[in-house]
Amino acid sequence: MESSFLKQQDHDVWAWIQKELYRQNEGIELIASENFVSPAVLEAVGSILTHKYAEGYPQKRYYGGCEYVDAIENLAIERAKRLFGAEHVNVQPHSGTQANLAVYTAVLKPGDKILTLSLENGGHLTHGHAKNLSGMLYQVFHYDIDPQTAAIDYESLEEIALRERPRLITIGASAYAKIIDFKRVGEIARASGAWMLADIAHIAGLVVAGLHPSPVPYADFVTTTTHKTLRGPRGGMIMCRASWAKAIDSSVFPGNQGGPLMHVIAGKAVCFGEALRPEFKIYQEQILKNARVLAEELQKYGLSIVGGMTENHLMLVDLRPTFPELSGREAARILEQAGITTNHNTVPRETRNPFQASGLRLGTPAVTTRGMGTSEMRSIALWIQKLLFSPNDNALQVSIRAEVQELCQKFPLKY
Ligand SMILES: *Cc1c(COP(=O)(O)O)cnc(C)c1O
């Protein structure tokens, strides 16, 4: 990446960015929530749009000079509506977290009941974790995961919903490898008098490509990030029925945010334009193929995949059956020594504390963007098993590091 102004003016920051670029280029990125944007998205996010204040919405701004950013925001909205078939879209949330909080503050009063999946079982912080605003403001109930199948226990969801009558049911996850039955949750929400929020932060790209059922016909609100499988800039978005448009818009601004990040909204518009093309579906299909092969290979080597198999872009490896002594944290550290980046994760019926955890979360969106396919997944699975079966073998880590680098050089990043 040639950024000569930065290099000349602030060599320290420039040098750290170069190191990070090298790290990204020479390592295998298996963090399920990460991806690599196109150079076009990166250019939009790095543009002069960062200068512009545009509080409000297109044609209803509190600042002058907004005619061009209005056009950009409208383009992002129109493209998102086409992609998801949504009635109303708000592209201003700075992140997935802010998208969720904006829905909550539009629908809920402090003390209201919400029913969600806990962080420990694969949900997200913003789904009522005690240390998140969502857990401080609302009365939180959690539905469960079936320990056998690792799928959401829809019966427990229904039973709690009918008993507690929550105002909102949140469905969606960060570490969950099964197809989500949005239709069923919609029926439960209606039967119990709750609103339904589907948080598709992880699976948005699959939904757009028709490879995961869409929640849009069933949910009152759909939130997503734009930077995971959707492969856009870091940010959030809310979709809702037209009847909620005003409440959602005013909850985002002025309720939760001030000026929108117009450079990021431009990046979102570019990302949505890319996702509307036929190649995007091929990309998403390859993510799924790669995930399936990676999981199958790991299983062949004796590793335990939570729920038996993945149905989406990620998988959780439960280390306990194969490596009872090895925590998720330690396993992730060992893989990182060899240039394979993952994250430790709690697994259903977790027995360690969340800082250690017993699982590894692996995802294929980023490696698929680089052009890697199923034969590369086989190599990666082999390296992972070798590293985990010999956790103290430093020479092995060094030699696999070299193989990882060699593989990565065949699939260079385009920046
Ligand atoms: C990643 C994620 C978010 C939040 O994303 P941030 O942009 O990091 O705030 C919200 N919900 C789910 C399910 C996620 O996986």
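This is a predicted model: local features need pLDDT of at least 70, side-chain atom pairs count only at pLDDT 80 or more; totals for chains, interfaces and linings use all residues.
In strand E10, the residue that forms the bridge partner of Thr224 is Met237. Residues are numbered from 1 along each chain as its sequence is written, and side-chain values use heavy atoms, with hydrogens and water left out.

Helices (H or I, at least four residues) and strands (E, at least two) are DSSP runs numbered from the N terminus, and two strands pair if DSSP finds at least two bridges between them. Strands of a sheet pair through backbone hydrogen bonds, either parallel or antiparallel.

Strand E9 (residues 221-225) joins E10 (residues 236-240) through 5 bridges, and the two run antiparallel. E9 is also joined to strand E8 (residues 195-199), here by 3 bridges and in the parallel sense, with Leu197 standing opposite Phe221. Of the 5 residues of E9, 5 are buried, so the strand is largely enclosed by the rest of the structure; buried means under 20% relative accessible area, exposed over 50%, and partly exposed in between, with a 1.4 Å probe and protein chains only. Phe221, Thr223 and Thr225 point one way from E9, whereas Val222 and Thr224 point the other way.

These strands belong to an open sheet of 7 strands with mixed pairing, in the order E4-E10-E9-E8-E7-E5-E6. Its edge strands, E4 (88-90) and E6 (139-143), each pair on one side only. Neighbouring strands of this sheet are turned by 20 degrees against each other on average, direction ignored. Axes are lines fitted to C-alpha atoms, for helices over the stretch in contact, and angles run from 0 to 180 degrees between N-to-C directions. Further along, strands E5 (residues 113-117) and E7 (residues 168-171) are parallel and share 2 bridges; Leu115 stands opposite Ile169 in E7. Helix H4 (residues 67-84) packs on the sheet, where it touches E4 and E10 and makes about 125 degrees with the direction of E4; contact means heavy atoms within 4.5 Å. Helix H5 (residues 96-107) lies across E7, E8, E9 and E10, at about 160 degrees to E9.

A second open sheet has 4 strands in the order E11-E12-E15-E14, with antiparallel pairing. Strands E11 (304-305) and E14 (343-345) stand at its edges with a single partner strand each, so one side of each is left without a neighbour in the sheet. Between E12 (residues 314-318) and E15 (residues 359-363) there are 5 bridges, and Asp318 stands opposite Gly359. Helix H13 (residues 328-337) packs on this sheet, touching E14 and E15, at about 45 degrees to E15.

An oxygen atom of the ligand is 2.9 Å from a polar backbone atom of Gly96, and one is 2.6 Å from an N or O atom in the side chain of Thr97. For Lys228, a polar side-chain atom lies 2.8 Å from a ligand oxygen.

Finally, the whole structure holds 0 disulfides, a disulfide being a pair of cysteine sulfur atoms within 2.5 Å. For Cys240, the nearest cysteine sulfur is that of Cys271, 19 Å away. Cys240 is buried, with a relative accessible area of 5%.

Notes: A polar contact is a pair of N or O atoms within 3.5 Å; within protein, one must be able to donate a hydrogen and the other to accept it, and residues adjacent in sequence count only if both atoms are side-chain atoms.
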